[in-house]
Amino acid sequence: MVSALLVSSSEKGREMLRELMRGVPEISPAVAASGAEARRLDLVVINAPLSDELGDGLSCTLAMDTSAGILLLVRAETADEIAEKVEDVGVMVLGKPLGRAMFYQALKMVAAARRRVLGLKQENRKLQSKIEEIRLVDRAKCMLIQYLSMTESQAHRYIEKQAMNTSK
């Protein structure tokens, strides 16, 4: 179950977002009235403007500081202009008014993009760990070569043997 945060400064906007979310069974929505309340959860839907800000700054901050998927709802007249500012950091912009089908598709796209980014981050962590392990082994080999006058292949075999003997 994906947790989604719906951010809108007006009760009418919050109710509109709740109504749009009723048809999405795999998403559990919560509601916030300001940018300060919005800095949590997996998926954030921002109905701009907010009471304390426009919403584009909040969406950029959330996109850069969290792994949440961000959907920014703005007036149709300003959608292209705002999209130019925020899409580079991964925020999806939709113009209002919008229908349930378009909203549902946008949510699915944002959720899919978030899953992809999380998968890439996990892969990146694995690769970083592997690189660190290789660096450590190379440093150990260099020390064996320098202090015990081993060749590189001898040092490599020695480290392999030690790893097998200690089950590491």
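Analyst: Happy to! A search of the whole structure finds five salt bridges, each being a side-chain nitrogen of Lys or Arg within 4 Å of a carboxyl oxygen of Asp or Glu. This is a predicted model, in which local features need pLDDT of at least 70 and side-chain atom pairs count only at pLDDT 80 or more, while totals for chains, interfaces and linings use all residues. Residues are numbered from 1 along each chain as its sequence is written, and side-chain values use heavy atoms, with hydrogens and water left out.

Let's focus on K141. Its side chain meets that of E152 in a salt bridge, 3.1 Å from N to O. E152 lies in helix α5 (residues 152–165) and K141 in helix α4, so the pair ties together parts that are eleven residues apart in sequence; helices here are DSSP runs (H or I, at least four residues), numbered from the N terminus. D138 joins in as well: D138, K141 and E152 are linked in a network of salt bridges.

The two partners sit in contrasting surroundings. K141 is buried, with a relative accessible area of 9%, whereas E152 is exposed at 51%. Buried means under 20% relative accessible area, exposed over 50% and partly exposed in between, using a 1.4 Å probe and protein chains only. Leaving aside neighbours within four places in sequence, K141 is in contact (heavy atoms within 4.5 Å) with E152, A155, H156 and I159.

Elsewhere, K85 forms a salt bridge with D56, the closest N and O atoms being 3.9 Å apart.

Note on methods
Helices (H or I, at least four residues) and strands (E, at least two) are DSSP runs, numbered from the N terminus.
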